[in-house]
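Which element gives the largest share of the cavity lining?

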Amino acid sequence: MGILILSFSLSGCTSIEINIEETIKPPEIGNLIIQGTWRIENYISIVKGQSDLNEAEESSRKKYIGKEAVFDNEICAIGIEVCTNPEYKTIRTAADTFLKSTYQINNDSIGITKEKVNVVTISTANKFFNQLIVTDDMTAYVYMEDGFLVLKKVSDSVDDKVKQSSIGKVADNKSNEEFEEDPLLRSGVLIGVRSADNTYCTIWIYSQNREIKTVSYREQLLVPRAYGFWEVGGIHKDQKIYAVPFANSKLQLIPRNDGMNNILADKPGAKILFLGNDYVGIEHDLKLSVLPIDSLGTGRTVKISDIILDNTFNVSNEFEQARQDIISTFDKDKLKNIIGEFDEGNFTLKRRNGHWIFKSRLHFKEDYNGQKYEEFDLNLVVPSNLISYDEMDIPWNNIKSKLPWTIDAYMSPNKEIAILTSRDSLNIYPVQKRNIVNKQLMKIPLSEGDTIIMAEWATGKYADIWARLVDRIFTEVKN
(Lines give C-alpha, C1' and ligand atoms only; values in the text may rest on other atoms or scores of the structure.)
Protein backbone atom coordinates (compact mmCIF):
# COMPACT_ATOMS: atom_id res chain seq x y z
CA MET A 1 0.00 0.00 0.00
CA GLY A 2 1.41 3.37 -0.93
CA ILE A 3 1.09 6.64 0.89
CA LEU A 4 -2.54 7.55 1.54
CA ILE A 5 -3.14 11.18 2.47
CA LEU A 6 -6.44 12.04 4.10
CA SER A 7 -7.94 15.35 3.10
CA PHE A 8 -9.34 16.48 6.43
CA SER A 9 -8.22 18.74 9.23
CA LEU A 10 -8.72 18.16 12.95
CA SER A 11 -8.56 21.75 14.09
CA GLY A 12 -11.49 23.81 15.28
CA CYS A 13 -13.49 20.89 16.70
CA THR A 14 -16.68 22.32 18.10
CA SER A 15 -17.54 21.36 21.66
CA ILE A 16 -20.88 19.97 22.68
CA GLU A 17 -23.14 21.41 25.35
CA ILE A 18 -23.55 18.79 28.06
CA ASN A 19 -25.37 18.91 31.37
CA ILE A 20 -23.63 16.62 33.82
CA GLU A 21 -25.06 16.10 37.25
CA GLU A 22 -24.63 13.88 40.31
CA THR A 23 -21.31 12.86 41.77
CA ILE A 24 -19.61 10.06 39.87
CA LYS A 25 -18.26 7.49 42.30
CA PRO A 26 -14.82 5.85 41.94
CA PRO A 27 -14.54 2.08 41.47
CA GLU A 28 -14.46 -0.11 44.52
CA ILE A 29 -11.47 -2.36 45.19
CA GLY A 30 -12.69 -5.82 46.10
CA ASN A 31 -11.24 -9.06 47.41
CA LEU A 32 -10.34 -12.06 45.28
CA ILE A 33 -13.93 -13.23 44.86
CA ILE A 34 -13.05 -15.60 41.99
CA GLN A 35 -10.45 -17.58 43.98
CA GLY A 36 -10.67 -21.29 43.15
CA THR A 37 -11.45 -23.72 40.34
CA TRP A 38 -14.18 -23.19 37.74
CA ARG A 39 -15.48 -25.28 34.83
CA ILE A 40 -16.34 -23.78 31.44
CA GLU A 41 -19.85 -25.06 30.74
CA ASN A 42 -21.11 -23.07 27.78
CA TYR A 43 -20.28 -20.59 25.03
CA ILE A 44 -22.75 -17.88 23.95
CA SER A 45 -22.05 -16.07 20.66
CA ILE A 46 -22.87 -12.35 20.50
CA VAL A 47 -22.10 -11.90 16.80
CA LYS A 48 -25.32 -10.83 15.07
CA GLY A 49 -26.34 -12.67 11.93
CA GLN A 50 -24.22 -15.70 12.72
CA SER A 51 -26.61 -17.84 14.68
CA ASP A 52 -26.00 -20.74 12.29
CA LEU A 53 -22.28 -21.20 12.70
CA ASN A 54 -20.63 -23.67 10.36
CA GLU A 55 -18.93 -26.75 11.76
CA ALA A 56 -15.41 -25.25 11.84
CA GLU A 57 -16.54 -22.08 13.59
CA GLU A 58 -18.59 -24.01 16.11
CA SER A 59 -15.66 -26.31 16.83
CA SER A 60 -13.31 -23.38 17.30
CA ARG A 61 -15.62 -21.60 19.72
CA LYS A 62 -16.38 -24.70 21.75
CA LYS A 63 -12.73 -25.68 22.23
CA TYR A 64 -13.00 -24.15 25.71
CA ILE A 65 -16.11 -26.04 26.86
CA GLY A 66 -15.35 -28.68 29.49
CA LYS A 67 -11.98 -27.18 30.34
CA GLU A 68 -11.22 -25.66 33.72
CA ALA A 69 -10.29 -22.17 34.83
CA VAL A 70 -8.27 -21.45 37.97
CA PHE A 71 -7.58 -18.20 39.81
CA ASP A 72 -5.27 -17.36 42.69
CA ASN A 73 -2.42 -14.94 43.39
CA GLU A 74 0.10 -17.04 41.43
CA ILE A 75 -1.82 -18.12 38.34
CA CYS A 76 -4.81 -17.20 36.22
CA ALA A 77 -5.81 -19.78 33.61
CA ILE A 78 -8.96 -19.75 31.48
CA GLY A 79 -8.78 -22.84 29.32
CA ILE A 80 -5.77 -22.37 27.08
CA GLU A 81 -5.13 -18.73 28.08
CA VAL A 82 -2.72 -18.36 31.01
CA CYS A 83 -0.92 -15.61 32.90
CA THR A 84 1.28 -15.70 36.00
CA ASN A 85 1.43 -13.24 38.91
CA PRO A 86 -2.01 -11.83 38.11
CA GLU A 87 -3.38 -8.66 39.67
CA TYR A 88 -7.12 -8.33 40.30
CA LYS A 89 -9.33 -5.27 40.53
CA THR A 90 -13.03 -5.61 41.36
CA ILE A 91 -15.85 -3.11 40.93
CA ARG A 92 -19.57 -3.39 41.69
CA THR A 93 -21.65 -1.97 38.86
CA ALA A 94 -25.01 -2.11 37.06
CA ALA A 95 -25.00 -5.11 34.73
CA ASP A 96 -26.99 -3.48 31.94
CA THR A 97 -24.91 -0.31 31.90
CA PHE A 98 -21.61 -2.22 31.88
CA LEU A 99 -22.59 -4.65 29.12
CA LYS A 100 -23.99 -1.93 26.88
CA SER A 101 -21.07 0.45 27.27
CA THR A 102 -18.32 -2.20 27.07
CA TYR A 103 -19.68 -4.90 24.74
CA GLN A 104 -22.69 -3.16 23.14
CA ILE A 105 -25.10 -5.93 24.20
CA ASN A 106 -28.07 -6.26 26.56
CA ASN A 107 -28.29 -8.49 29.63
CA ASP A 108 -30.69 -10.78 27.77
CA SER A 109 -28.06 -11.50 25.11
CA ILE A 110 -26.13 -13.74 27.50
CA GLY A 111 -28.84 -14.51 30.05
CA ILE A 112 -27.80 -12.27 32.95
CA THR A 113 -30.78 -11.42 35.15
CA LYS A 114 -29.00 -9.67 38.02
CA GLU A 115 -29.22 -5.88 38.22
CA LYS A 116 -25.78 -5.56 39.86
CA VAL A 117 -22.66 -7.62 39.08
CA ASN A 118 -19.02 -7.70 40.14
CA VAL A 119 -16.57 -7.02 37.31
CA VAL A 120 -13.11 -8.46 37.98
CA THR A 121 -10.34 -7.03 35.77
CA ILE A 122 -7.21 -9.21 35.54
CA SER A 123 -3.81 -7.84 34.53
CA THR A 124 -0.21 -8.98 34.69
CA ALA A 125 2.93 -6.83 34.58
CA ASN A 126 0.64 -3.81 34.06
CA LYS A 127 -0.89 -5.39 30.95
CA PHE A 128 -4.57 -6.25 30.60
CA PHE A 129 -5.29 -10.01 30.51
CA ASN A 130 -9.05 -10.48 30.77
CA GLN A 131 -12.23 -9.51 32.59
CA LEU A 132 -14.83 -11.63 34.41
CA ILE A 133 -18.44 -10.67 35.05
CA VAL A 134 -19.42 -12.41 38.31
CA THR A 135 -23.19 -12.66 38.83
CA ASP A 136 -23.19 -14.80 42.01
CA ASP A 137 -20.91 -17.07 44.07
CA MET A 138 -21.16 -19.85 41.49
CA THR A 139 -21.45 -18.15 38.06
CA ALA A 140 -19.19 -15.93 35.96
CA TYR A 141 -18.95 -14.84 32.33
CA VAL A 142 -15.80 -14.06 30.37
CA TYR A 143 -15.54 -12.64 26.83
CA MET A 144 -13.72 -14.91 24.39
CA GLU A 145 -13.73 -15.03 20.58
CA ASP A 146 -16.88 -13.01 19.75
CA GLY A 147 -18.88 -14.48 22.61
CA PHE A 148 -18.97 -15.27 26.32
CA LEU A 149 -17.81 -18.39 28.14
CA VAL A 150 -20.07 -19.36 31.05
CA LEU A 151 -18.09 -20.49 34.10
CA LYS A 152 -19.47 -22.49 37.02
CA LYS A 153 -17.52 -22.77 40.26
CA VAL A 154 -16.25 -26.22 41.23
CA SER A 155 -14.22 -25.45 44.35
CA ASP A 156 -12.88 -22.55 46.43
CA SER A 157 -9.43 -24.14 46.19
CA VAL A 158 -7.29 -24.28 43.05
CA ASP A 159 -6.90 -27.68 41.36
CA ASP A 160 -3.17 -28.40 41.69
CA LYS A 161 -2.95 -30.45 38.47
CA VAL A 162 -4.55 -27.68 36.41
CA LYS A 163 -2.32 -25.11 38.08
CA GLN A 164 0.94 -26.98 37.44
CA SER A 165 -0.06 -27.72 33.85
CA SER A 166 -0.83 -24.05 33.25
CA ILE A 167 2.46 -22.92 34.80
CA GLY A 168 4.23 -25.42 32.53
CA LYS A 169 2.62 -23.85 29.45
CA VAL A 170 3.89 -20.41 30.50
CA ALA A 171 7.41 -21.80 31.02
CA ASP A 172 7.36 -23.43 27.56
CA ASN A 173 6.33 -20.15 25.97
CA LYS A 174 9.04 -18.20 27.80
CA SER A 175 11.73 -20.65 26.72
CA ASN A 176 11.12 -19.56 23.12
CA GLU A 177 13.01 -16.27 22.90
CA GLU A 178 11.58 -15.35 19.50
CA PHE A 179 8.56 -13.08 19.65
CA GLU A 180 5.56 -15.21 18.68
CA GLU A 181 3.28 -13.17 16.45
CA ASP A 182 -0.48 -13.59 16.35
CA PRO A 183 -1.51 -14.97 12.91
CA LEU A 184 -4.29 -12.33 12.78
CA LEU A 185 -2.88 -9.02 13.97
CA ARG A 186 -5.52 -6.48 15.02
CA SER A 187 -4.70 -3.10 16.52
CA GLY A 188 -6.87 -0.16 17.45
CA VAL A 189 -5.86 3.14 19.00
CA LEU A 190 -7.80 6.16 20.23
CA ILE A 191 -5.62 9.23 19.72
CA GLY A 192 -6.68 12.32 21.70
CA VAL A 193 -5.88 15.71 20.15
CA ARG A 194 -6.03 19.19 21.69
CA SER A 195 -6.23 21.91 19.04
CA ALA A 196 -4.74 25.40 19.22
CA ASP A 197 -8.16 26.87 20.13
CA ASN A 198 -8.38 24.47 23.12
CA THR A 199 -11.00 22.17 21.58
CA TYR A 200 -10.64 18.40 21.51
CA CYS A 201 -11.01 15.51 19.06
CA THR A 202 -10.43 11.76 19.09
CA ILE A 203 -8.99 9.91 16.08
CA TRP A 204 -9.66 6.16 15.81
CA ILE A 205 -7.20 4.04 13.80
CA TYR A 206 -7.87 0.33 13.24
CA SER A 207 -5.53 -2.05 11.41
CA GLN A 208 -5.36 -5.73 10.50
CA ASN A 209 -2.17 -7.51 9.53
CA ARG A 210 -0.36 -4.20 8.93
CA GLU A 211 -3.08 -2.72 6.73
CA ILE A 212 -5.18 0.26 7.82
CA LYS A 213 -8.85 -0.68 7.69
CA THR A 214 -10.54 2.30 9.33
CA VAL A 215 -9.78 5.87 10.28
CA SER A 216 -12.54 7.96 11.86
CA TYR A 217 -12.90 10.81 14.33
CA ARG A 218 -15.29 12.57 16.68
CA GLU A 219 -15.41 15.74 18.74
CA GLN A 220 -14.21 15.52 22.35
CA LEU A 221 -12.13 12.73 23.90
CA LEU A 222 -13.37 9.13 24.16
CA VAL A 223 -11.42 7.33 26.90
CA PRO A 224 -11.73 3.60 27.72
CA ARG A 225 -11.98 2.82 31.41
CA ALA A 226 -12.16 -0.37 33.47
CA TYR A 227 -15.96 -0.16 33.53
CA GLY A 228 -16.90 1.32 30.16
CA PHE A 229 -16.18 4.30 27.92
CA TRP A 230 -16.31 7.91 29.08
CA GLU A 231 -16.28 11.22 27.25
CA VAL A 232 -13.95 13.96 28.47
CA GLY A 233 -13.76 17.41 26.91
CA GLY A 234 -14.57 21.10 27.13
CA ILE A 235 -17.96 22.82 27.15
CA HIS A 236 -17.77 25.30 24.31
CA LYS A 237 -19.18 28.51 25.80
CA ASP A 238 -16.68 28.74 28.67
CA GLN A 239 -14.31 25.80 28.04
CA LYS A 240 -14.99 24.11 31.36
CA ILE A 241 -13.61 20.56 31.43
CA TYR A 242 -16.14 17.78 32.05
CA ALA A 243 -16.22 13.95 32.24
CA VAL A 244 -19.26 11.70 31.76
CA PRO A 245 -19.80 7.99 30.96
CA PHE A 246 -21.71 6.44 28.09
CA ALA A 247 -24.62 4.33 29.23
CA ASN A 248 -27.04 2.77 26.81
CA SER A 249 -27.35 0.94 23.51
CA LYS A 250 -27.61 4.25 21.63
CA LEU A 251 -24.41 5.38 23.37
CA GLN A 252 -26.03 8.49 24.76
CA LEU A 253 -24.41 10.23 27.69
CA ILE A 254 -25.86 9.27 31.07
CA PRO A 255 -28.45 11.83 32.27
CA ARG A 256 -27.77 12.90 35.84
CA ASN A 257 -30.13 13.72 38.70
CA ASP A 258 -29.81 16.94 40.66
CA GLY A 259 -26.52 17.12 42.51
CA MET A 260 -22.91 18.07 42.07
CA ASN A 261 -21.84 18.24 38.41
CA ASN A 262 -18.76 16.40 37.18
CA ILE A 263 -17.50 19.65 35.66
CA LEU A 264 -14.34 21.48 36.65
CA ALA A 265 -16.31 24.69 37.11
CA ASP A 266 -13.73 26.73 39.02
CA LYS A 267 -11.09 26.56 36.26
CA PRO A 268 -12.67 27.84 33.02
CA GLY A 269 -10.33 27.78 30.05
CA ALA A 270 -8.13 25.05 31.51
CA LYS A 271 -6.13 22.97 29.02
CA ILE A 272 -5.95 19.18 29.14
CA LEU A 273 -2.28 18.18 28.97
CA PHE A 274 -2.73 14.40 29.23
CA LEU A 275 -5.58 11.93 29.68
CA GLY A 276 -5.33 8.42 31.09
CA ASN A 277 -7.89 5.83 32.17
CA ASP A 278 -8.46 7.36 35.61
CA TYR A 279 -6.71 10.77 35.70
CA VAL A 280 -6.55 13.97 33.68
CA GLY A 281 -3.67 16.44 33.80
CA ILE A 282 -4.50 20.11 33.28
CA GLU A 283 -2.94 23.56 33.03
CA HIS A 284 -4.84 26.57 34.39
CA ASP A 285 -3.33 30.05 34.72
CA LEU A 286 -0.02 28.35 33.81
CA LYS A 287 -0.28 26.12 36.92
CA LEU A 288 -0.21 22.32 36.70
CA SER A 289 -2.46 19.78 38.44
CA VAL A 290 -3.79 16.24 38.09
CA LEU A 291 -7.38 15.24 38.98
CA PRO A 292 -9.35 11.97 39.14
CA ILE A 293 -11.77 11.65 36.21
CA ASP A 294 -14.45 10.27 38.55
CA SER A 295 -14.63 13.44 40.65
CA LEU A 296 -13.74 16.45 38.50
CA GLY A 297 -16.63 18.37 40.02
CA THR A 298 -14.96 18.46 43.43
CA GLY A 299 -11.87 20.15 42.01
CA ARG A 300 -9.77 17.87 44.23
CA THR A 301 -6.24 17.46 42.89
CA VAL A 302 -3.87 14.63 43.75
CA LYS A 303 -0.32 14.65 45.09
CA ILE A 304 2.42 12.80 43.28
CA SER A 305 2.87 10.57 46.34
CA ASP A 306 -0.81 9.56 45.97
CA ILE A 307 -0.02 8.32 42.46
CA ILE A 308 3.35 6.61 42.93
CA LEU A 309 2.78 3.97 45.58
CA ASP A 310 6.36 2.72 45.92
CA ASN A 311 7.73 2.05 49.39
CA THR A 312 11.33 1.65 48.21
CA PHE A 313 11.98 5.42 48.21
CA ASN A 314 10.45 8.71 49.33
CA VAL A 315 8.60 10.24 46.38
CA SER A 316 8.32 13.67 48.02
CA ASN A 317 12.06 13.81 48.65
CA GLU A 318 12.80 12.87 45.02
CA PHE A 319 10.45 15.61 43.82
CA GLU A 320 11.97 18.25 46.13
CA GLN A 321 15.50 17.21 45.11
CA ALA A 322 14.66 17.73 41.42
CA ARG A 323 13.29 21.17 42.32
CA GLN A 324 16.43 22.09 44.24
CA ASP A 325 18.65 20.83 41.40
CA ILE A 326 17.06 23.22 38.90
CA ILE A 327 17.12 26.09 41.42
CA SER A 328 20.87 25.56 41.93
CA THR A 329 21.44 26.52 38.28
CA PHE A 330 19.76 29.98 38.65
CA ASP A 331 21.68 33.23 38.97
CA LYS A 332 20.88 35.62 41.85
CA ASP A 333 18.31 37.69 39.96
CA LYS A 334 16.46 34.63 38.74
CA LEU A 335 16.58 33.09 42.22
CA LYS A 336 14.93 36.14 43.78
CA ASN A 337 12.18 35.99 41.17
CA ILE A 338 10.85 32.55 42.20
CA ILE A 339 7.40 32.40 43.79
CA GLY A 340 5.66 29.53 45.52
CA GLU A 341 6.86 26.82 47.86
CA PHE A 342 7.32 23.13 47.13
CA ASP A 343 3.96 21.63 46.10
CA GLU A 344 3.46 17.90 45.49
CA GLY A 345 0.46 18.64 43.31
CA ASN A 346 2.50 20.73 40.86
CA PHE A 347 3.12 18.13 38.15
CA THR A 348 1.86 16.72 34.86
CA LEU A 349 2.90 14.35 32.07
CA LYS A 350 4.32 15.36 28.71
CA ARG A 351 5.68 13.44 25.73
CA ARG A 352 9.36 13.14 24.90
CA ASN A 353 11.20 10.69 22.63
CA GLY A 354 8.39 8.14 22.48
CA HIS A 355 7.44 8.13 26.17
CA TRP A 356 5.47 10.03 28.80
CA ILE A 357 7.60 11.78 31.43
CA PHE A 358 6.86 13.74 34.61
CA LYS A 359 7.19 17.54 34.48
CA SER A 360 6.88 20.30 37.07
CA ARG A 361 7.29 24.10 37.03
CA LEU A 362 8.89 26.93 38.96
CA HIS A 363 6.94 30.17 38.56
CA PHE A 364 8.37 33.72 38.49
CA LYS A 365 7.00 36.92 40.04
CA GLU A 366 7.74 38.80 36.84
CA ASP A 367 8.68 37.67 33.35
CA TYR A 368 12.33 36.65 33.32
CA ASN A 369 13.88 36.97 29.86
CA GLY A 370 10.38 36.48 28.46
CA GLN A 371 9.67 33.46 30.68
CA LYS A 372 6.79 33.19 33.16
CA TYR A 373 8.05 29.86 34.51
CA GLU A 374 10.86 27.32 34.26
CA GLU A 375 9.85 23.72 33.50
CA PHE A 376 11.92 20.80 34.78
CA ASP A 377 11.88 16.98 34.64
CA LEU A 378 11.10 14.67 37.54
CA ASN A 379 13.26 11.56 37.36
CA LEU A 380 10.41 9.22 38.32
CA VAL A 381 8.93 6.25 36.47
CA VAL A 382 5.37 6.93 35.26
CA PRO A 383 3.14 4.29 36.92
CA SER A 384 0.45 2.31 35.10
CA ASN A 385 -2.35 3.99 37.07
CA LEU A 386 -1.55 7.20 35.15
CA ILE A 387 -0.76 5.71 31.72
CA SER A 388 -1.69 2.06 31.18
CA TYR A 389 0.61 1.40 28.18
CA ASP A 390 3.75 3.31 27.24
CA GLU A 391 6.22 1.00 25.53
CA MET A 392 8.46 1.48 22.51
CA ASP A 393 10.57 -1.53 21.57
CA ILE A 394 12.58 0.34 18.94
CA PRO A 395 15.34 2.64 20.29
CA TRP A 396 14.54 6.31 19.79
CA ASN A 397 17.91 6.96 18.12
CA ASN A 398 17.15 4.28 15.53
CA ILE A 399 13.88 5.99 14.64
CA LYS A 400 15.48 9.44 14.38
CA SER A 401 18.37 8.20 12.25
CA LYS A 402 15.98 6.53 9.81
CA LEU A 403 13.20 9.17 9.83
CA PRO A 404 14.77 12.38 11.22
CA TRP A 405 11.54 14.42 10.95
CA THR A 406 9.95 12.35 13.74
CA ILE A 407 9.19 14.29 16.94
CA ASP A 408 7.33 11.52 18.80
CA ALA A 409 6.40 7.85 18.34
CA TYR A 410 3.80 5.34 19.56
CA MET A 411 3.80 1.55 19.01
CA SER A 412 0.96 -0.95 19.26
CA PRO A 413 1.35 -3.54 22.05
CA ASN A 414 1.37 -6.39 19.51
CA LYS A 415 4.20 -4.68 17.58
CA GLU A 416 2.10 -4.43 14.41
CA ILE A 417 2.25 -0.71 13.65
CA ALA A 418 4.03 2.45 14.78
CA ILE A 419 2.56 5.96 14.65
CA LEU A 420 5.23 8.61 14.15
CA THR A 421 4.34 12.26 14.61
CA SER A 422 5.81 15.16 12.70
CA ARG A 423 4.96 18.83 13.14
CA ASP A 424 1.98 18.56 10.79
CA SER A 425 0.90 14.91 10.59
CA LEU A 426 0.51 11.43 12.08
CA ASN A 427 2.40 8.90 9.97
CA ILE A 428 1.60 5.19 10.26
CA TYR A 429 4.24 2.56 9.46
CA PRO A 430 4.22 -1.24 9.71
CA VAL A 431 6.56 -2.91 12.20
CA GLN A 432 8.24 -6.26 11.63
CA LYS A 433 10.83 -7.98 13.82
CA ARG A 434 10.84 -4.89 16.02
CA ASN A 435 11.90 -2.63 13.19
CA ILE A 436 9.96 0.05 11.34
CA VAL A 437 9.41 -1.00 7.72
CA ASN A 438 10.18 1.77 5.23
CA LYS A 439 6.66 1.73 3.78
CA GLN A 440 4.29 4.41 4.98
CA LEU A 441 0.73 3.10 5.28
CA MET A 442 -1.08 6.36 5.91
CA LYS A 443 -0.55 10.04 6.61
CA ILE A 444 -3.11 11.92 8.69
CA PRO A 445 -2.68 15.71 8.66
CA LEU A 446 -2.62 17.77 11.84
CA SER A 447 -3.16 21.50 12.05
CA GLU A 448 -0.73 23.98 13.52
CA GLY A 449 -0.91 23.88 17.29
CA ASP A 450 -2.41 20.38 17.51
CA THR A 451 -1.03 18.35 20.43
CA ILE A 452 -1.42 14.63 21.17
CA ILE A 453 -2.69 14.22 24.74
CA MET A 454 -3.93 10.61 24.76
CA ALA A 455 -3.09 7.27 23.11
CA GLU A 456 -5.18 4.29 24.27
CA TRP A 457 -4.51 0.94 22.57
CA ALA A 458 -6.49 -2.28 22.13
CA THR A 459 -5.30 -5.41 20.35
CA GLY A 460 -6.80 -8.70 19.20
CA LYS A 461 -10.43 -9.32 20.17
CA TYR A 462 -10.55 -6.09 22.19
CA ALA A 463 -9.61 -4.05 19.12
CA ASP A 464 -12.66 -5.63 17.43
CA ILE A 465 -14.90 -4.71 20.38
CA TRP A 466 -13.72 -1.11 20.25
CA ALA A 467 -14.17 -1.06 16.46
CA ARG A 468 -17.86 -1.98 16.81
CA LEU A 469 -18.37 0.84 19.31
CA VAL A 470 -16.47 3.35 17.16
CA ASP A 471 -18.54 2.46 14.09
CA ARG A 472 -21.62 3.71 15.92
CA ILE A 473 -20.40 7.00 17.34
CA PHE A 474 -17.53 8.19 15.12
CA THR A 475 -17.58 9.85 11.70
CA GLU A 476 -15.66 7.90 9.08
CA VAL A 477 -12.94 9.83 7.32
CA LYS A 478 -13.30 9.64 3.55
CA ASN A 479 -10.15 9.49 1.44
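Strand 23 supplies the largest share of the lining of the largest cavity, with 3 residues. The model is predicted, and its largest cavity has a volume of about 60 Å³.

**Cavity**

- The number of cavities of 30 Å³ or more in the structure is 1.
- Two or more lining residues come from each of strand 23 (408-411) and strand 28 (451-459).
- The residues that line the largest cavity include Ala409, Tyr410 and Met411, and Ala455 and Trp457 are also among them.
- Arg351, Gly354, Trp356, Tyr389, Asp390 and Glu391 belong to the lining of the largest cavity too.
- By class, the lining of the largest cavity has 7 nonpolar, 1 polar and 3 charged residues.
- Gly354 is one of the lining residues, and it counts as polar because Gly is placed in that class.

- Gly233 has Tyr242 of strand 15 as its bridge partner.
- Strands 14 and 15 make a hairpin, with 4 residues between them.
- Which residue in the turn has a positive phi? It is Gln239, with a phi of about 55°.
- Strand 15 (residues 240-245) is mostly covered, as 5 of its 6 residues are buried.

Technical notes:
Residues numbered from 1 in each chain as written. Predicted model: local features only at pLDDT ≥ 70, side-chain atom pairs only at ≥ 80, totals over all residues. Heavy atoms only, no water. Buried < 20%, exposed > 50% of the residue type's maximum accessible area, 1.4 Å probe, protein only. Pairing = 2+ DSSP bridges. 1 Å grid on protein atoms, 1.4 Å probe; cavity = no way out; pocket = protein on both sides within 12 Å on 5 of 7 lines; lining within 4 Å. Points joined across faces, edges and corners; volume = space filled by probe spheres on them.
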